[in-house]
Amino acid sequence: MKKKALFMAAAILAGVGALQAAQPKVIAHRGYWNTKGASQNSIRSLVKADSIGCYASEFDVWMTPDGEMIVNHDPTISGVEIQNNLAADVRKKKLDNGEVVPTLDEYLAQAAKLKTRLVLELKTHDSRARERAAVKKTLDLVKKYGLEDRTDYIVFSKDAFKEYIKQAPKGTKVYFLNGDYTPAQIKFSKGAGIDYSLKVMKKHPEWIKECHNKGLEVNVWTVNEPEDMKWCIEQGVDYITTNEPERLQKMLKTGK
Ligand code: MG
């Protein structure tokens, strides 16, 4: 009887563990910018994401023609196109919160002082050669700050996807964003998983199980509405990328 009770307790604990393990992890989209003093992809938004305990903070990276890596979402900042202007000119521009548009070097220097994981999105550049150079630059900078074990890579470009898998240290996670590779194609390419839009995932919810069966992970973006968060949680995705990290954290904690 005693043995049976112990077995039951162990089974319940294992069950609870499995349930906890099944909870999606929260990734702040472009940092936690939707809060006082921050703006998208600012260093402040990275610090904020870390301060509320996000599993990871996502951000976007471009390369200037003189090889400087810049953290920004849009291809242009205040009318200056990042991949076609010298770093000195790009760096005259400011974000909405008053920060000078950060270099990846500055961004990673701050990240190294924090705990949150990094989800680095390399934007799609004009040429394959430029993209290949940008992949190498990002990997070198991440290495400079010893952040290899804390950084995942996401890309829309199929060339950059292959390039990261080829150039990154073994075990680095690279996810594909564009929505048009099946789980079998991701597995074949040695990617870590899919990082697809909510729209794509609602069209292909079967890909979630398919990915898991293949040992791949599933991240969904950009999930801001409570009913969509609920859907992702119920579907058992691994990561949710959101502009509302505190709302999602609360839902994961309280169920609403
Ligand atoms: Mg992004």
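User: What is the handedness of the crossing of H4 and H5?
Analyst: In this predicted model, H4 and H5 cross in a right-handed manner. Their axes come within 9 Å and cross at roughly 35 degrees, helix H5 being residues 128–144.

User: Which residues make that contact?
Analyst: Leu104, Asp105 and Leu108 take part from H4, and Thr138, Leu141, Val142 and Lys144 from H5. By class, the residues of the contact of H4 with H5 are 4 nonpolar, 1 polar and 2 charged.

User: Staying with H4, at what angle does it pack with H2?
Analyst: Helix H2 (residues 43–51) and helix H4 (residues 104–111) pack at about 25 degrees, and their axes are 10 Å apart. Angles under 35 degrees count as roughly parallel, and H2 and H4 are therefore roughly parallel to each other. H2 passes H4 in a right-handed crossing.

User: And which residues make the contact there?
Analyst: On the H2 side they are Ile43, Leu46 and Val47; on the H4 side they are Glu106, Tyr107, Gln110 and Ala111. The contact of H2 with H4 comprises 5 nonpolar residues, 1 polar and 1 charged.

User: Next, serine 57. Which strand is it in, and is it buried or exposed?
Analyst: Serine 57 is found in strand S2. Its relative accessible area is 0%, so serine 57 is buried.

User: What is serine 57 in contact with, leaving aside neighbours within four places in sequence?
Analyst: With those neighbours left aside, the contacts of serine 57 include Leu46 and Tyr107. Leu46 belongs to the H2 side of the contact of H2 with H4, and Tyr107 to the H4 side. Serine 57 is also in contact with Ile27, Ala28, Gly31, Ser45, Ala49, Thr116, Arg117, Leu118 and Val119.

User: Now the metal. Which residues are the protein donors of the magnesium ion?
Analyst: The protein donors are Glu58 (OE), Asp60 (OD) and Glu121 (OE), which lie 2.0 to 2.1 Å from the magnesium ion. Their spacing in sequence is E-x1-D-x60-E.

User: Why does the glutamate pair tie together separate parts of the sequence?
Analyst: Glutamate 58 lies in strand S2 (residues 56–63) and glutamate 121 in strand S6 (residues 117–122), so the pair links parts that are 63 residues apart in sequence.

User: Are those two glutamates buried or exposed?
Analyst: Glutamate 58 and glutamate 121 are both buried.

User: Changing topic: how do H10 and H11 pack?
Analyst: Helix H10 (residues 226–235) and helix H11 (residues 245–254) pack at about 50 degrees, with 11 Å between their axes. H10 and H11 are therefore oblique to each other, and their crossing is right-handed.

User: Which residues meet between H10 and H11?
Analyst: Pro226, Met229, Lys230 and Ile233 of H10 meet Arg247, Leu248, Met251 and Leu252 of H11. The contact of H10 with H11 has 6 nonpolar and 2 charged residues, and no polar ones.

User: Finally, glycine 236. Where is it, and what is its relative accessible area?
Analyst: Glycine 236 is placed in the loop between H10 and strand S11 (239–242). Its relative accessible area is 23%, so glycine 236 is partly exposed.

User: What is glycine 236 in contact with, leaving aside neighbours within four places in sequence?
Analyst: With those neighbours left aside, glycine 236 is in contact with Ile208 and His212. Glycine 236 and histidine 212 are 24 residues apart in sequence, and 9.7 Å apart in space from C-alpha to C-alpha.

Definitions and conventions: Residues numbered from 1 in each chain as written. Predicted model: local features only at pLDDT ≥ 70, side-chain atom pairs only at ≥ 80, totals over all residues. Heavy atoms only, no water. Donors = N, O, S within 2.8 Å, 3.2 Å for Na, K, Ca; no water. Helix = DSSP H or I, 4+ residues; strand = E, 2+ residues; numbered from the N terminus. Buried < 20%, exposed > 50% of the residue type's maximum accessible area, 1.4 Å probe, protein only. Axes fitted to C-alpha atoms, helices over the stretch in contact; angles between N-to-C directions. Parallel < 35°, antiparallel > 145°, perpendicular 65-115°, else oblique. Left-handed = near helix turned anticlockwise from the far one by under 90°. Contact = heavy atoms within 4.5 Å. Nonpolar A, V, L, I, M, F, W, Y, C, P; charged D, E, K, R; others polar.
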